[in-house]
Amino acid sequence: MWPILGLLVIGLGFSLERFWTLTRASVNTRKFLARLHNALQEGGIEAAAAECEKTPGPVASILHAGLSRANKGLEHVEKAITNAGSIEMAFLERGMIVLATVIVLAPMMGFTGTVSGMVGAFDSIKKANDISPAIVAGGISEALLTTLFGLVVAMIIQIFYNYFTSRIDKLIIDMEESSIELMDALVEMEEKKNQ
């Protein structure tokens, strides 16, 4: 039971950290893109980059990376956005492997407790040379409790894991859509400049 409790504590600790990080990473993308587009129209690339600097989150970070390379051409912008996106995705997914490990290990430890309890129950039967319910009840109780606790821990952490996965997926989609919109805006600016 103690190792399963330890897994619960680890899982909850990482869940709190992920919740805090993903909450801070979220931003209203529509409003941010509207401000960015206005800054790009009114003040150019420098104003848009300044707007990205004052906005928290991965969407602003990847767009800032792209805008910082805008003077080198659209290919450099695209490459900078791709590289920054990879770094931001790694940051968003950090710690998720620990939660997945807790989800897998908790039931396995519970089943290990089940086997241990059953072995204890059969040892008690062998020592007493009698199949009395009182003799095997302790071992079976241990077996059922560890399985139950392991499954409950896995279910709790699975709920957090699924929630965080959906938040990360939404942020990734926001990053992709925002980078496409930025590239379109830069192409439009380039075309106006060449006319």
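1. Let's start with α2 and α3. The axes of helix α2 (residues 29–53) and helix α3 come within 11 Å and cross at roughly 25°, which makes α2 roughly parallel to α3. Axes are lines fitted to C-alpha atoms, for helices over the stretch in contact, and angles run from 0 to 180 degrees between N-to-C directions. Angles under 35 degrees count as roughly parallel, over 145 as roughly antiparallel, 65 to 115 as roughly perpendicular, and the rest as oblique.

2. A word on where this comes from: the model is predicted, with local features needing pLDDT of at least 70 and side-chain atom pairs counting only at pLDDT 80 or more, while totals for chains, interfaces and linings use all residues. Residues are numbered from 1 along each chain as its sequence is written, and side-chain values use heavy atoms, leaving out hydrogens and water.

3. Back to that first pair. α2 passes α3 in a right-handed crossing (right-handed if the near helix is turned clockwise from the far one by less than a right angle, left-handed if anticlockwise). On the α2 side, the contact (heavy atoms within 4.5 Å) includes Phe 32, Leu 36, Leu 40 and Ala 48; α3 brings in Val 59, Ala 60, Leu 63, His 64 and Leu 67. The residues of this α2–α3 contact divide into 12 nonpolar, two polar and one charged. Here Ala, Val, Leu, Ile, Met, Phe, Trp, Tyr, Cys and Pro count as nonpolar, Asp, Glu, Lys and Arg as charged, and the others, Gly among them, as polar.

4. Have a look at Val 59, which sits in helix α3. Val 59 counts as buried because its relative accessibility is 2% (buried is under 20% relative accessible area, exposed over 50%, partly exposed in between, with a 1.4 Å probe and protein chains only). Leaving out residues up to four places away in sequence, Val 59 touches Thr 29, Phe 32, Asp 174, Met 175 and Ser 178. Val 59 and Asp 174 are 115 residues apart in sequence, yet their C-alpha atoms are 6.8 Å apart in space.

5. Thr 55 is in the loop between α2 and α3, and it is buried at 7% relative accessible area. Besides residues within four places in sequence, Thr 55 is in contact with Val 27, Phe 32, Arg 35 and Ala 60. The side chains of Thr 55 and Arg 35 are joined by a polar contact of 3.5 Å. (A polar contact is a pair of N or O atoms within 3.5 Å; within protein, one must be able to donate a hydrogen and the other to accept it, and residues adjacent in sequence count only if both atoms are side-chain atoms.) A polar atom of the Thr 55 side chain also lies 2.9 Å from the backbone oxygen of Glu 51.

6. Next, how do α3 and α4 pack, and at what angle? Helix α3 (residues 58–67) and helix α4 (residues 74–93) pack at about 155°, their axes 7 Å apart, and are therefore roughly antiparallel to each other. The crossing of α3 and α4 is right-handed. Among the residues that meet are Pro 58, Ile 62 and Ala 65 in α3 and Val 77, Ile 81 and Leu 92 in α4. The α3–α4 contact divides into eight nonpolar residues, three polar and one charged.

7. Ser 179 belongs to helix α6 (residues 133–194). Is Ser 179 buried or exposed? Buried, with a relative accessible area of 12%. Apart from neighbours within four places in sequence, Ser 179 is in contact with Ile 62, Leu 63 and Ile 81. A polar atom of the Ser 179 side chain lies 2.8 Å from the backbone oxygen of Glu 176.

8. Lastly, α1. α1 and α4 pack at an angle of about 145°, with axes 10 Å apart. Arg 18, Thr 21, Leu 22 and Ala 25 of α1 make the contact with Phe 91, Leu 92 and Glu 93 of α4, which divides into four nonpolar residues, one polar and two charged. Elsewhere in α1 (residues 2–25) is Leu 7, which counts as buried at 10% relative accessibility. Leu 7 touches Val 102, Leu 105, Ala 106 and Met 109, not counting residues up to four places away in sequence.

Conventions
Helices (H or I, at least four residues) and strands (E, at least two) are DSSP runs, numbered from the N terminus.
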